[in-house]
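Dear colleague,

Please find below the sequence and structure that I am handing over to you. My findings follow directly after them.

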Amino acid sequence: MAPSPRDSVARARALVALKRVLAGGDPRKLSPAGAGGGLARNDLACESAAVAPNPVTAPPDRAPRDQRLRGEPVARSVFTGLPDRYDRLAYLLSFGQDRRWRRAVVGHAAAAAPRLVLDVATGPAGIALAVAAATGADVAGVDLNESMLRAGLPRIHRPLPAGRVRVAAGRADQLPFADATFDAVTFSYLLRYTDDPAATVAEMARCLRPGGTLACLEFNVPPRPAWRAAWWCYTRLALPVLGGLTGGPAWYRVGRFLGPSISAHYRRHPLAWHVAAWQAAGLTEVRTELMSLGGGLVMWGRKGSAS
Ligand SMILES: C[S@@+](CC[C@H](N)C(=O)[O-])C[C@H]1O[C@@H](n2cnc3c(N)ncnc32)[C@H](O)[C@@H]1O
């Protein structure tokens with residue numbers, strides 16, 4: 001259906017707002033967004049100074065178990081020291097599965113031939129770049145950690161065959177964009193870190209135009225007992241050691257953090273809960289696909305016209 005003149009005006013305004021927020025593609029140049037906007041200058045400056053105790057090294061009595069595995073301070077501290085080799089090690093430590101999972105997300109986002117896409121928790125912008133390459137769309141990437149964004153800047157600044165990627169520091173639960181701005185929204189490995197995953201999904205759905213696609217990738221706990229046992233051994237025993245050997249102390253800490261974080265997330269929010277949260281946020285035709293024997297979860301849906 002062709003957009004109405006009113007839609008076109010709203011879209012043009014949203015694009016202007018987007019360009020303002022994503023000025024220059026360099027997080028340093030970003031001004032804090034307005035109401036409900038991105039991170040204040042202060043927050044950027046505090047990235048490493050204001051982090052809570054490391055979730056792995058903090059003594060158990062300093063925070064409730066749950067709070068050591070999620071929330072913004074955790075999301076800030078976990079990624080300190082990771083950015084340099086993030087993509088390569090994520091690939092190695094997932095036995096190459098991670099790239100296959102990402103391709104699936106990109107495929108779902110690309111299916112509707114979007115022109116404007118938002119990738120939330122974009123990190124070094126791997127999915128944002130892949131979506132731009134696959135669709136020619138302009139892609140905005142938002143992430144809490146400026147250091148993760150910076151790791152992607154060399155690739156972002158390289159000329160792309162099509163489309164364009166710009167990144168900004170921002171919180172997934174307070175996106176600095178107008179309602180219904182994007183044709184597709186993607187996110188990956190995000191919800192475990194958020195205090196209120198349902199509100200975060202609703203916030204991302206708010207930025208999606210009716211009919212647009214939301215697609216995501218998350219780790220998952222394999223449902224079959226035998227694979228779950230193997231997954232448990234890998235994440236609790238092998239991952240910290242392999243992480244430490246390949247990436248040093250920061251990756252050792254992440255190796256120790258990941259398994260308990262994934263398990264705790266799905267204890268609180270089983271897969272059916274996620275589907276219900278998406279539906280409550282106005283997504284229809286919500287589908288899930290377990291990847292690699294259930295170690296990965298790809299999920300996608302379309303925003304209904306009534307929301
Ligand atoms: C495991 S990394 C994934 C990065 C990227 N999506 C990828 O697949 O390569 C998770 C990312 O989520 C970001 N993050 C965590 N909580 C966030 C929040 N509330 N808002 C925005 N980004 C967040 C982290 O900074 C980190 O870059």
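Predicted model: local features only at pLDDT ≥ 70, side-chain atom pairs only at ≥ 80, totals over all residues.

Helices here are DSSP runs of H or I with at least four residues, strands are DSSP runs of E with at least two, and both are numbered from the N terminus.

Residues are numbered from 1 along each chain as its sequence is written.

Alanine 121 is found in the loop between β1 and α6, and its phi is near 60 degrees, a positive value in a residue other than glycine. Alanine 121 counts as buried because it has 26 C-beta neighbours inside 10 Å. The classes are as follows: a residue is buried if 20 or more other C-beta atoms, placed from the backbone, lie within 10 Å of its own, exposed if 12 or fewer do, and partly exposed in between. Phenylalanine 95, in the loop between α4 (86–93) and α5 (97–110), likewise has a positive phi, of about 55 degrees, although it is not a glycine. Phenylalanine 95 counts as exposed, because it has 10 C-beta neighbours inside 10 Å.

Turning to the fold, the protein has 11 helices and seven strands. Of its 307 residues, 47% count as buried. Two residues are in contact if their C-beta atoms, placed from the backbone, lie within 7 Å. Among the contacts with a separation of 6 or more, 70% are between residues 24 or more positions apart.

The sheet is open, has seven strands in the order β3-β2-β1-β4-β5-β7-β6, and shows mixed pairing. Strands β3 (164–169) and β6 stand at the edges with a single partner strand each, so one side of each is left without a neighbour in the sheet. Neighbouring strands are turned by 15 degrees against each other on average, direction ignored. Strands are said to pair if DSSP finds at least two bridges between them.

Five of the six residues of β3 are buried. Helix α7 (residues 146–157) lies across β2 (138–143) and β3, running at about 160 degrees to β3. For such angles, axes are lines fitted to C-alpha atoms, for helices over the stretch in contact, and the values run from 0 to 180 degrees between N-to-C directions.

Threonine 284 stands opposite arginine 302 in β7, and leucine 290 opposite leucine 297.

What does methionine 291 contact, leaving aside its neighbours within four places in sequence? Its partners are Gln97, Arg100, Trp101, Ala104, Gly296, Leu297 and Val298. Methionine 291 lies in strand β6 and is partly exposed, with 17 other C-beta atoms within 10 Å. Its C-alpha atom is separated by 9.6 Å from that of aspartate 98, 193 residues apart along the chain.

Finally, the core. The largest nonpolar core has 77 residues, and those with the most contacts inside it are Val131 and Met204. Such a core is a set of buried Ala, Val, Leu, Ile, Met, Phe, Trp, Tyr and Cys residues joined through C-beta atoms within 7 Å. Methionine 204 is among the buried residues of α8, and touches Val120, Ala172, Leu175, Val185, Phe187 and Leu214, not counting residues up to four places away in sequence. The buried residues of α8 pack against β1, β4, β5, α11 (271–280), β6 and β7.

With kind regards
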